[in-house]
Amino acid sequence: MSVVLSVRGLRKRFGGLVATDDVTLDVAAGEIHALIGPNGAGKSTLVNQLSGELVADAGTIHLMEEDITGLSVAERVARGLGRTFQITSLLDDMTVMQNVGMALQAHEGGNFRIWDAVQKRRSVWERAKAILRDSLLTGREAALVADLSHGEKKQLELLMAMAMAPRIMLLDEPMAGLGHLESQAMIGQLEKLKAQTAILLIEHDMEAVFALADRVSVLVYGRIIAQGSVDEIRSNPAVREAYLGAEDELC
Amino acid sequence: MTRHRILGLGLLLVLALMPVLTDLAGQPAFLSLMTRILIYGMAAASLNFVLGFGGMVSFGHAAFFGIGGYVVGFLFFHQTEGTLFLGLIPGTSQLLITLPAAVLVSGLVAALIGTLALRTGGVQFIMITLAFAQMIFFFFVSLKTYGGEDGIIIRRANELPFLNMRDKATFYWVVLAITTLFFLGLRRVVNSSFGAVLDGLRQNERRMAALGVPAFRYKLYAFVLSGMGTGLAGALMANFLRFASPDMLHWTKSGELMVMVILGGVGTLFGPFLGAGAFMVLESVLSSWSEHWPLALGLILLVVVLGTKGGLMALVSRLGGRK
Amino acid sequence: MILFVEQVLNGLQYGVMLFLLAAGLTLIFGIMGVINLAHGSLYMIGAYAGTYVAAQTGSFWLGVPAALAAAALTGFAIEALVVRRLYARDHLDQVLATFGLILTFNQSIILLFGRQPLFTQLPAGLDGSVMLLPGLPYPTYRLLMIAVGLLVAVGLYFLINRTRIGMLVRAGATNREMVRALGVDIRLLYTLVFGLGALLAGLAGFMAAPILAVQVGMGEQILLATFVVVVIGGVGSIRGAFVAGILLGLVDTLLRAFLPSLLRQVMPGSEADALGIGIASMGIYLLMAIVLLVRPKGLFGATA
Ligand SMILES: Nc1ncnc2c1ncn2[C@@H]1O[C@H](COP(=O)(O)OP(=O)(O)O)[C@@H](O)[C@H]1O
Ligand SMILES: [Mg+2]
């Protein structure tokens, strides 16, 4: 299996707090690599460094063997890195269709054209329609994002990320705040996505992680304390100590 | 859509007949008020392009307005003197040359200012645009050759082939034609691929970055386009006033353009024109009523900002029974 | 050389004035996220109130409390009636509402005092000069201004770094949500900060009154320079306001004093003067452009 994303010795400090402490991990094509850890462990901080929103203090990030450590967010996206946000971040004044359309439009390019009509970009809108038709948001195309439920917004985040046809997706707690049924549906979807893109999955929901992950890394205080298959992580005493033992503190 | 089109054509017809109507009513001053409204409307709509559609609060747009005016002034000055501007460029009074020149120069300056100002955002962006406009203001004040604080008098309005631009009605019709083209062009840009991306950036820059859209160059492009539109309006204003002076770039002028935008409705296509009309009418009514009219204007502004949302455009669509 | 020292002192004096205004402005930006164009109006109101009371009573010193009180009261009124409604609004609304305030204040002043500038008489003892060096007399009053400015800077330093209020202010400037989450009465904090800013602006206005003409428009003139100070210093940073204030005061004063005569070496007199003054007026803005190229967030701005 070829490695899509390769992280080496990543570090990030916020003042006195070491939020990312010498993190090294790989995500291979066709796999879901889950990153778990208690609240405040530094998972979102890590995602933000991988996506380029935060600049790491040290370490390297490679995407398909290319060093992307110094690239901007947009440049990384152009090279096939996709993400969703833990706290959904969408275009609130637009409809569901327009949000998906924007993702496709951004991916297609040609956006400095001031003399065309965006409504007439057929390739964009036909694909947007197709994506939404096959999604859980079918029937909601004309709804404004501001009027969507939390679960629907999470869905839209995922659809927009997938519309960009990424090589790897960073999913920051896609199931947080979802009801049981919605979570089940999301698990089913991620299962299918695996064939199209590598996934770094950040998740609190243990059930989901153990159902989906091919590999698991456990992050505590910014440091990876264990890495391995689901079974290895389950039986790792350090993990039980640091993480599962404190399960009632999780949210 | 068709209803819009009928309304638009009706409005255009009334505007086109304005010289005849004001003549019949014996109110020639009203025609010159209308001319100024159209010109300021273009300036305000250009500002609204960055402000309402792009979410960039520029407090320095008077700079582009003034630069547009000064380009006309410079070219006129060198034509009458028979000298070369910077020893290179001959003067001219052909509108077909002066307008594009004004648009080009304003665009270049907007590119410079935008490149610096867009390195930051929010409150800094406001202060930086204001500061650079002020710098350009002082620049023109220091140009003694071109009148310094007093500005350049342009004895004759620029010429167009086959037209008598000294005639008030002809001048008005030319401005109206340019305004109409400007409006159609602006509408086109807003509805273009670029317009959609700009709208996305205004709503959520972080999301757009995650879609691979680097904000800076799109915002800069919008800023340049906006500066060009404002420069066009400035060039027409200099022709109308037969005068280009530092007053055109005074910082209060930037404030006035913003007031027009908010009076009409931020982020609407037609709002800035309504706002420019409301502002100019308000100004002429209030100032005929008392020399202390800015006091009333200040209070009206406070009430509008604190008390209403959406400006005149919102009022119009509410009256029209939509939303 | 003597001339140079004198101009440096003048620059220092202008610099501390800019600091007094910028300190309040930068805190209001940093803590409340509000852009307040009417800050210059508070400066003007301080100048007018102080000058008026000084002229009526014949005592310069009574002008000081009058200026401070008028500016602070106006500040509280602005905060309670207008600015408080703007905290949650976008910057555009803030700009326009406070632009409305400027128009209102300027016309009110014209209604009250007319368009003629007012002048302030300095009290005996302050209207003379001090011999700083042999051959270098310097106006006592300007020295006093520098001293007061530096004193305020030291006072602010202690207030911000050594008191509980200061701690909240510092926390608020870097992380607004944090302070809110701590359960601090954020409203009171805002009112206090705004009042403090108004007080400093009023003080600056009255201090400047004897060396400038007190007139409508004086507030906007200095406000624009103050913006440059805030941008160069970094929004929210008092230290930045101090460093940038002094820097700009010096640059502006020295350019105005020496550039025309330097240019006169290479071109005819009248043109040299016009160009020299022109470039000097643009100097602080050019400086801002350079700082922005190197440090977009200002010298002491948060780098994150
Ligand atoms: N911008 C920031 N500045 C300072 N501290 C931060 C910042 N972002 C996150 N942190 C801190 O870093 C730690 C990790 O946060 P985060 O990555 O959000 O954790 P997780 O996603 O695992 O819950 C937390 O202690 C958080 O308070
Ligand atoms: Mg998180």
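Q: What is A:Lys12 in contact with, leaving aside its neighbours within four places in sequence?
A: A:Lys12 is in contact with A:Leu17, A:Val18, A:Ala19, A:Thr20, A:Thr45, A:Gln49, A:Val55, A:Ala56 and A:Asp57, leaving aside neighbours within four places in sequence. Contact means heavy atoms within 4.5 Å. This is a predicted model, where local features need pLDDT of at least 70 and side-chain atom pairs count only at pLDDT 80 or more, while totals for chains, interfaces and linings use all residues. Side-chain values use heavy atoms, with hydrogens and water left out.

Q: Which element is A:Lys12 in?
A: Strand β1 (residues 3–14) of chain A. Strands (E, at least two residues) and helices (H or I, at least four) are DSSP runs, numbered from the N terminus.

Q: Is A:Lys12 buried or exposed?
A: A:Lys12 is buried, with a relative accessible area of 11%. Buried means under 20% relative accessible area, exposed over 50%, and partly exposed in between (1.4 Å probe, protein chains only).

Q: And which backbone oxygen lies 2.8 Å from a polar atom of its side chain?
A: For A:Lys12, that is the backbone oxygen of A:Val55.

Q: Next, B:Arg207. Buried or exposed?
A: B:Arg207 counts as buried because its relative accessibility is 0%. B:Arg207 lies in helix α8 (residues 205–210) of chain B.

Q: What does B:Arg207 touch?
A: Not counting residues up to four places away in sequence, B:Arg207 touches A:Phe85, A:Ser89, A:Leu90, A:Leu91, A:Glu157 and A:Met160. A polar atom of the B:Arg207 side chain lies 2.7 Å from the backbone oxygen of A:Ser89.

Q: Where is A:Gly42?
A: In the loop between β3 (32–36) and α1 (43–51) of chain A. A:Gly42 is in contact with A:Ala19 and A:Leu219, leaving aside neighbours within four places in sequence.

Q: Over to chain C. How do the axes of α1 and α9 cross?
A: The axes of α1 (residues 2–32) and α9 (residues 218–233) of chain C come within 9 Å and cross at roughly 70°. Therefore α1(C) is roughly perpendicular to α9(C). Angles of 65 to 115 degrees count as roughly perpendicular, under 35 as roughly parallel, over 145 as roughly antiparallel and the rest as oblique. Axes are lines fitted to C-alpha atoms, for helices over the stretch in contact, with angles from 0 to 180 degrees between N-to-C directions.

Q: Which residues of α1(C) make the contact?
A: C:Tyr14, C:Leu18, C:Leu21, C:Ala22, C:Leu25, C:Thr26 and C:Phe29. The α9(C) side includes C:Ile222, C:Phe227 and C:Val230.

Key
Residues are numbered from 1 along each chain as its sequence is written. Chains are lettered from A and ligands numbered from 1 in the order in which they are written. A polar contact is a pair of N or O atoms within 3.5 Å; within protein, one must be able to donate a hydrogen and the other to accept it, and residues adjacent in sequence count only if both atoms are side-chain atoms.
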